[in-house]
4 protein chains.
Amino acid sequence: MENKNKIPVGILGATGSVGQKFIQLLKNHPYFTVQEVAASDKSAGKTYVQAVNWFLDSRIPSEVANLEVKKCDVNLKSRVVFSGLDSSVAGKIESDFAQAGYIVISNSKNHRFDTDVPLLIPEVNPDHLRILRWKKTGQGMIVTNPNCSAIGLVLALKPLYDKFGLEEVNVTTMQALSGAGFPGVASLAIADNVIPYIAGEEEKLEKEPLKILGSIENNTIKFCDMKISAQCNRVPVIDGHLEAVQVKLKKKADIHEIIASWEDFTAEPQKLKLPSAPEKAIYYFREDEYPQPRLHRNLEHGMAIAVGRLRKCPILDYKFIVLAHNTIRGAAGGAILCAELMKAKGLLEK
Amino acid sequence: MENKNKIPVGILGATGSVGQKFIQLLKNHPYFTVQEVAASDKSAGKTYVQAVNWFLDSRIPSEVANLEVKKCDVNLKSRVVFSGLDSSVAGKIESDFAQAGYIVISNSKNHRFDTDVPLLIPEVNPDHLRILRWKKTGQGMIVTNPNCSAIGLVLALKPLYDKFGLEEVNVTTMQALSGAGFPGVASLAIADNVIPYIAGEEEKLEKEPLKILGSIENNTIKFCDMKISAQCNRVPVIDGHLEAVQVKLKKKADIHEIIASWEDFTAEPQKLKLPSAPEKAIYYFREDEYPQPRLHRNLEHGMAIAVGRLRKCPILDYKFIVLAHNTIRGAAGGAILCAELMKAKGLLEK
Amino acid sequence: MENKNKIPVGILGATGSVGQKFIQLLKNHPYFTVQEVAASDKSAGKTYVQAVNWFLDSRIPSEVANLEVKKCDVNLKSRVVFSGLDSSVAGKIESDFAQAGYIVISNSKNHRFDTDVPLLIPEVNPDHLRILRWKKTGQGMIVTNPNCSAIGLVLALKPLYDKFGLEEVNVTTMQALSGAGFPGVASLAIADNVIPYIAGEEEKLEKEPLKILGSIENNTIKFCDMKISAQCNRVPVIDGHLEAVQVKLKKKADIHEIIASWEDFTAEPQKLKLPSAPEKAIYYFREDEYPQPRLHRNLEHGMAIAVGRLRKCPILDYKFIVLAHNTIRGAAGGAILCAELMKAKGLLEK
Amino acid sequence: MENKNKIPVGILGATGSVGQKFIQLLKNHPYFTVQEVAASDKSAGKTYVQAVNWFLDSRIPSEVANLEVKKCDVNLKSRVVFSGLDSSVAGKIESDFAQAGYIVISNSKNHRFDTDVPLLIPEVNPDHLRILRWKKTGQGMIVTNPNCSAIGLVLALKPLYDKFGLEEVNVTTMQALSGAGFPGVASLAIADNVIPYIAGEEEKLEKEPLKILGSIENNTIKFCDMKISAQCNRVPVIDGHLEAVQVKLKKKADIHEIIASWEDFTAEPQKLKLPSAPEKAIYYFREDEYPQPRLHRNLEHGMAIAVGRLRKCPILDYKFIVLAHNTIRGAAGGAILCAELMKAKGLLEK
């Protein structure tokens, strides 16, 4: 597809850490082309390269480097916008855009629990997009990407939920620095250290999976019934959230059945061969000491998750380890996959 | 007390990481003086300073630096020996010493479950030393210090166990590099990484607390009845094991009662004012983001543990964070405190 | 000395990283007692414990925790103030205090090159305090502590300068995170990384030694004549600046003479037995791989420097390694030693 | 080119860190296909996947995973072998292979100064391959890749040497962990630390450039005449050696001329469009704080070097920063580029 046939998109919060990742991942994207970048008023008017404190290990794409940074107001030309806005401002700006007819794919927490907003993981609940079908042509909408820790967890839980049912989920996370954005965590705060607290994170992790794994009834999403307990920690790792998980199943299952449920897992993004979809969304590792953030966060360009160490649990039924790349699958990459699914379903048409 | 009135002791495995810590902590000790150092055959015959790859941030005590390293055989003059031997050799050597009449205070795992060996945390189960009272005068014995992760956990559990009873304990650890000894973990293996596996560690953490919290019946230790599930991870932190814990209590307790049980906790080492005993063994922190390894591992010279973030758990009853210095309270310092308690109880007399 | 006989002091910039270190190091100080803490307007009015984001690994001293934070204006009761102010505000505030009759001992760069201000390392140029003797009784004054990298370097150079003369000094630094204050360097910026630039640092390191090693002529300090070239890098180390140094001497010297000049070095703070003075200011290590930040930064409570690896240089004459604790000897501790020297010389009397 | 038309190669020391990198980089190589892997006797007989402790962040190529590991003796079928052998064994094994008619491209130090062995950086001294032309058809030979720190340095020096001449080069390195192989540096030795010593490294860095930049006279390599002084440090960075360099030129040059000499630099690998050759071998960065290991080590897949911060030096003429990926450009990738150049010059024909 040539650029002129691609869907032009704008990036809200383009200079932030999620915004940078959107721009990095959308370079040469087959469906989308970054036409506009928008950020805070103090960046507006500068070129992108002047405004951004770029900290990724690739160069700024040349087609974006010299774009003029615009304000985050509803004068953008692109109907489709990706939002990497900070939650302190995302609530109002995203509402404004949706009301003005824009399609907002957001990585922020603010609208995740709005009743007309899907909280989407394309492999897990693609059907939740159906709550948008009552939107009239040309009407705006918001689609949200879950919290970076929730995405990896729910992807790993999905096959278990479908095959065996889930009663209880216990999770302790060891989360990467990039989850806090830039500048985020001070080096003096985390060097030779672990911080056993991330503001608001445990609440998200205990609540978001209930909507994501929920079912559609009467055109709204009914939350699923499951107990979740989360403990969230920040560790000195650059990228990749590691999670120690325990589950109590509704139906009995042996270890082989559970591993098979992961290894056989495939879903709509795979069938549709969406450009950012991993061939396999879940990799199970049999080595005792795997998965590890540095070795496995980049599986399938960071879009696949890694699972390992499945074993019996003396308290719940089973325990295992989950790893997901928090800024790719868990943020910008996941949001782009949402947009790809929306395009495939005709939701991005004018 | 002048040196000549102190109890002369030997260090087995003196060049290893636990051995180094024994020597560091025994410098100017009021009860004990290091008279002999013993290590592997390849070190034997050298002076200590020649044989050791010292990696602590204090200098080698001058009275030890020039001791000749001896072999770990039963020709040592010191009747009391501290063992920091690697578990690959500790089993036989420690047995040999005990049979030859030595008193062995060991940090190794090998004899922890022998029926005539206490697994001792002086604040938790000082009464377990009673199983040694049938030893005849001059007979040898082994007293063991628990695993470095178990010590912090059980210290935090002890007040809860006594006041409210414990049915289930769930723990996910984030363990420091020094727990693996020296050279231990390769820097390339752990830089920008977490390793979700420590060989043998989960088994120890699920089993040792049952003996430590057990009761004496018919002169043997009866294990307590409690379910424990552990997940152990290695994180890039130098010292200090952090543990995310959840408990199910036998009796109802509110948050204030639980915090009070920790803050009011005092035990025999405190009453006896043992030299290495912390004034308070448990510190509870009210700040959301505390305790942290780098900030709190050295509380009371590394002999106190830090607890924080007590809150309700949707699955078990409560969750909280525990931190202990793994090479001080969790290894050499803990073993020295055991020896101090034994001295106070007359067990080190000739 | 009881508290009532101690000199009451105030801390300017008390909540910052240098301010915290002043408070930590002045706990139980024999000469000084912290009577007042002052900081920015947004902290003023709170208690210290409320205002500060304390990140040191000791507790806030209880006598300071509940002091009310004051504004940095000339209404403080303490005539002697230590300044850990940021250089963006230190210039004017310190001038105001000096003009109002206060004695300011400052860690900031702003007044280091004022002609009536000594740039003081007590072991190196204690005589520079003589330029203050023309101050009238009751008149205010400023004494400054050099840059954290310059202190270690000049301490190591001093014996060479005195014995052999110095023509050229080349230095490449590897500086710790704490040198940038708190929050300072973002963890994402420095994890798995080195940043080969520290704004303004090379200029300081090339200029400050010339004043410190200067001589007094006509009651002013005449800079010494020496070429210095510096390259400054930030490395992921918490504390301790390491410097790779090369020197060209004026007189021939062999390796033994140079090492002897370091090992024999003693100066006025040692003779006066000032409370913060190390017994020996310079330690020379003969081990190839020493000194190292983590192992040697705390020598003599962080007040001694470590030198090692002296060897011939194919371009200049000799090369060697210098290590100094940047927040103790290189900042707060160094400034306190300056104050102790001033007290010993009667400069703090009313 | 289909696999059957590719040159089959063997890897000596295939399980080590350089061996792993060879295998990773040779996956899908257009000229070469890995046909044999050889390692120590204790690995021989196992499959590669069984024998190796793979620590790279890509999977083991499937065509190599199940190869049987052979011994490093002269019974290999592949005439061309890449050697990642440890220097403790490389000397004899590589000699044996060369005498038996093999073509050995080695990353080890042992034969770098043999008179009939080129020390090759394809962009710098491709003409040095001429010393091999007197070899008879079928005769074996050794070509060596320089030390990982020397490669980056000499690449940066080459344009200056050619245009302005070099009298003196001063360099202080900050070298990555992967330079020490696996397991290499213990995590406890380097966490929160810098080690100012790497055994043998300074000698290599002071000597190898003299041969690489040497000229051919009478069919032997005449070393160039230049003074080099090196100080080598190990820093906690995974990949990427950073070097602070100073030079004294023979001819005057201004800053623009020097930068132009880097930016205009192109050489034989670029002209021949060798598969591993970067489009540009040297990137000059104008940002003050660049280059940095984490951000720039992967420029052109790790085969380009980054240079920055050129400025006047008060002692020599100029100072600047150089960065090179030590295991790619500085080891396996550099050696593969050597082999590509040899193929282009007809040296790999039977």
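## A tour of the chains, one contact at a time

Begin by selecting chain B together with chain A, where the contact takes 34 residues from chain B and 34 residues from chain A, two residues being in contact if their C-beta atoms, placed from the backbone, lie within 7 Å. This is a predicted model, in which local features need pLDDT of at least 70 and side-chain atom pairs count only at pLDDT 80 or more, while totals for chains, interfaces and linings use all residues. Residues are numbered from 1 along each chain as its sequence is written, and chains are lettered from A and ligands numbered from 1 in the order in which they are written.

On the side of chain B that touches chain A, colour β7 (166-175), β10 (227-234), β11 (241-249), α10 (293-296) and β14 (318-324) of chain B, each of which supplies at least two residues; helices (H or I, at least four residues) and strands (E, at least two) are DSSP runs, numbered from the N terminus. The largest share of that side, five residues, comes from β10(B). By class, the residues of the side of chain B that touches chain A are 17 nonpolar, eight polar and nine charged, where Ala, Val, Leu, Ile, Met, Phe, Trp, Tyr, Cys and Pro count as nonpolar, Asp, Glu, Lys and Arg as charged, and the others, Gly among them, as polar.

Next, show chain B with chain D, a contact that takes 16 residues from chain B and 16 residues from chain D. The side of chain B that touches chain D has 12 nonpolar, three polar and one charged residues.

Staying in chain B, select helix α1 (residues 17-26) and helix α11 (residues 328-344), which pack at an angle of about 50 degrees with their axes 8 Å apart; axes are lines fitted to C-alpha atoms, for helices over the stretch in contact, and angles run from 0 to 180 degrees between N-to-C directions. That angle makes α1(B) oblique to α11(B), since angles under 35 degrees count as roughly parallel, over 145 as roughly antiparallel, 65 to 115 as roughly perpendicular and the rest as oblique. Show the side chains of V18(B), K21(B), F22(B), L25(B) and L26(B) in α1(B), which meet A331(B), A332(B), G333(B) and I336(B) in α11(B). The residues of this contact divide into seven nonpolar, one polar and one charged.

Now move to chain D and select its open sheet of six strands, whose order is β10-β7-β11-β14-β13-β12, with mixed pairing; two strands pair if DSSP finds at least two bridges between them. At the edges are β10 (227-234) and β12 (282-285) of chain D, each pairing on one side only, and the twist averages 20 degrees from one strand to the next. Strand β7 (residues 166-175) of chain D pairs with β10(D) in the parallel sense over eight bridges, and Q175(D) stands opposite R234(D) in β10(D).

Finish in chain A, which is divided into domain 1 (3-147 + 332-344) and domain 2 (148-326), with bounds that come from an automatic or database domain assignment. The contact between them takes 32 residues from domain 1 of chain A and 30 residues from domain 2 of chain A.
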